[in-house]
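Let's take a walk through a protein model together. Keep the picture in view as you read, and find each residue as it comes up.

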Amino acid sequence: SLLNSLSLDGQGLAGNRGSIELKYQEKNHYRVKLQRAWGDLQETAEKRQAVARIVLDTIARKIPSASSGEHLVKFSESELLEALHADMFIAAQIRDFSAVIERALLFLHEQKAIILQQGLAVFRSAMTITILPGAKGRRFTNGDYSSLKEHYLERNFQIHVMNRYADLGLQKIKSALTLVAAYFTMSKTEFVKMFFAGEQDMLDRATSAESYQEIVDQLNNGVQIAVVSARPHSNMLVLAGPGSGKTRVIAHRCAFLLRVERIRASEILVVCFNRAAAVSLRQRIRDLAGKDAARVTVQTYHGLAMRLIGASFSAHLDDKGEMLDLESMIPAATRMLRGECDIPGVERDEMRERLLAGYRHILIDEYQDIDQPQYDMVSAIAGRALDSENEDAKLSILAVGDDDQNVYTFRGANIQFIRQFEQDYNARTHYLVENYRSTANIINAANQLIELNSDRMKTGHPIQINAARRSEPCGDPVRIVACPDPLQQARFVLNEVKECRNAGGGIAVFSRTKSELHAIRAALETAAIPSIMASQGRGNTPLHRMREINALIDCTRQLQQSTVTATRLQNEFQGLECYAEANPWCRLMDGILREWEDETNNSGRTPCEAIDYLYEALHERQSEQLSDDEVYLSTVHAAKGLEFEHVIMLGRWDKHGSVLQQEEERRLYYVGMTRARRTLTLCQLDHATNPHTDVLAGSGIVRSKAGMLNEPSDQDLRLHYAMLDLSCIWISYPATAPNARFVQQEIARLTQGSCLHLERGGNNNRVFITDKGGHKIGALSNAASLEWKDRLRLIKEVRVHAIMNWRRDFLDHTPGDEYPKEWEVPLL
């Protein structure tokens, strides 16, 4: 409020311009431009303060002495004018007394010294509504607002007239001038008949026909259109089956609010489950709404919580340079929204309004996956618990989700929240069940499986192929293939992958647990088929400490410019010595910088903002950069939200005892099945039951047995892969080794993928990391050495996964002078 006061200072004192230009950039970020010299700014503020003091004293004299609390005081402008003229020194500096009085009163109101008509006073109103004496106490009908409606319809009409003028001008300027002449000489009826024949519906909308066509009509799906074009303040729950276009619905709903309803972008908040979804949604909204979308807030839960409480990722690094527990940020944001804590200068009962800064509409993706803290924060934002007297303070809410895809209960997701949404928000439920992704045979098989669950919200609303494809062939049958054992399963999957590669398109192999994927990866490697193993979480390895990533952050920190663009950072990054296009860490950062370029429209931001964006992107990184050439190996949990032309599901799925566990496992298998677009192959093992494939039947299902294969060999397929994180490495070895300088030089020559070796040391317990020349360049920790020392002969290959930057002040103990300030550590 103080900055806002400075931006208004000057009225009646120093010209029409404020002392500063205050421009909103995004939540908690403003740009400030000085419009006066510092000395003039201070002088103007002192004048405003002196005038405000006289005004306040004049008002305060009307309050009875020895009284306290709030008092209703009536005063006139003439009384304030008289008080100002009485101070000859102040009066001599005033140019416009009315403007000065207005500014002083607003300043006192802004700083909570006085309350002007409960904060509703309007000094320069664009519209005045007067209730006639005879109308007091009666109910108003639509007829009473017909003039106001006509005003807005006329404004919409003028938008279309200007648009038609521009179109005609591009074709022939004479035609455009004819339209102008007709607009000022014809009646509106005659004008519409001549230039907008048959387009009356379009004229009622505050956007062009082309824009409306792109946002609404082209959806070509009745349910999607109903959701997208609903009234602005409608509360809706969309139960969206897999592949039914839920992301599309959210993006088009945002565009509808922006372009058709003319809702301000700063009033719209979109919350996504992960960063990848946020990036995708942000781009889709921008494609539909153009520049209108620039100020729409699209955030993950953690990103939103940190913005609400004014925190940043880079500010939450502990003494070891690792991220602190960010899970606490969401409850902290909720407490602030509820007014359960104090913010200096902000009353508790107005805290929510101040924090939300004008949000009026909230749209939430993957609502079935929210946990208790996320539910509480969404409830506080939307104003679920507010009483009827505060109805205007509630946000309209649209939630999209699917209880059939709730698979994260192990980390706190509660399916009950989506089931009570209708009651929580008095919402209308829509069923989005047309699948645009999979073939009819895949859809039918998935329906067979999930319909066995009794506790469902979409019972009676099966997924179906979208209308435009119903006359097409049903696609390849879903194959259920019996394999004798896991090794034969790996050989079968290898042959399947080869066939799928010939057919073209992305390929994924899904499993229940990560251990099942080792044999598949080994089989693919024997055929030189590239694969990528999905990340199973961040572990204890801080990504921002990787050599390439750390170099980019340090480079950004050292830039002297007041602002930098994404393109500038990309050029700087690619010029670093450690940069290599094929390096996966460089590929990761290239992708993040491209995202930042899209998000900022390549406009300048401060280096601090850039660094914070990089930290946030790294913390919320969910998946690897994929290419169609690589086979994606993943548990189903890690694959949610992805889709592939070809999906192969491995066969080890145990049958659980309780009904609740069985239904959750069935949902998980259903999620895996519905990732497939073109072909779906389901494996089962001869000596292990698969409760999911056993129940599938019908003309779209084909069962077969895998043949007995001899290649790759059993030995090749029994390979396992291990990633050694920080807990497995003796971090300080490169800094304290007898030949520390040489060790650090050798590590500097390593790159991601370099071959190394593990060997036992002289005391027979420590395991050392050696390079191809046999030089010791690192060592495993005590615990990891004990784990690996007797298994070294079984290791086929050791490669560098990453080079980690470490610093002396990250150590748990106080290091001696022999430690360098920083060094690098290879991770394997």
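This is a predicted model: local features need pLDDT of at least 70, side-chain atom pairs count only at pLDDT 80 or more; totals for chains, interfaces and linings use all residues.

Residues are numbered from 1 along each chain as its sequence is written, and side-chain values use heavy atoms, leaving out hydrogens and water.

Now look at rings that meet other rings. Rings of Phe, Tyr and Trp (its six-membered ring) pair if their centres lie within 6.5 Å; planes under 30 degrees apart count as stacked, over 60 as edge-to-face and the rest as tilted. The structure holds 16 aromatic pairs. In one of them, the ring centres of Tyr-183 and Phe-191 are 5.5 Å apart and the planes are at 75°, so this pair is edge-to-face. Phe-191 is buried at 2% relative accessibility, whereas Tyr-183 is partly exposed at 26%. (Buried means under 20% relative accessible area, exposed over 50%, and partly exposed in between, with a 1.4 Å probe and protein chains only.) Ring pairs also link Tyr-183 and Phe-191 into a cluster with Phe-184, Phe-195 and Phe-196.

Next, find strand 7, residues 396–401. Helices (H or I, at least four residues) and strands (E, at least two) are DSSP runs, numbered from the N terminus. Is strand 7 enclosed or open? Six of its six residues are buried, so strand 7 is largely enclosed by the rest of the structure. In a regular strand the side chains alternate between the two faces of the sheet. Here, Ser-396, Leu-398 and Val-400 point one way from strand 7, and Ile-397, Ala-399 and Gly-401 point the other way.

Which strands pair with strand 7? Two strands pair if DSSP finds at least two bridges between them. Strand 3 (residues 236–240) pairs with strand 7 in the parallel sense over four bridges, and strand 6 (residues 361–364) pairs with strand 7 in the parallel sense, also over four bridges. Leu-398 has Met-236 standing opposite, and Leu-363 stands opposite Leu-398 as well.
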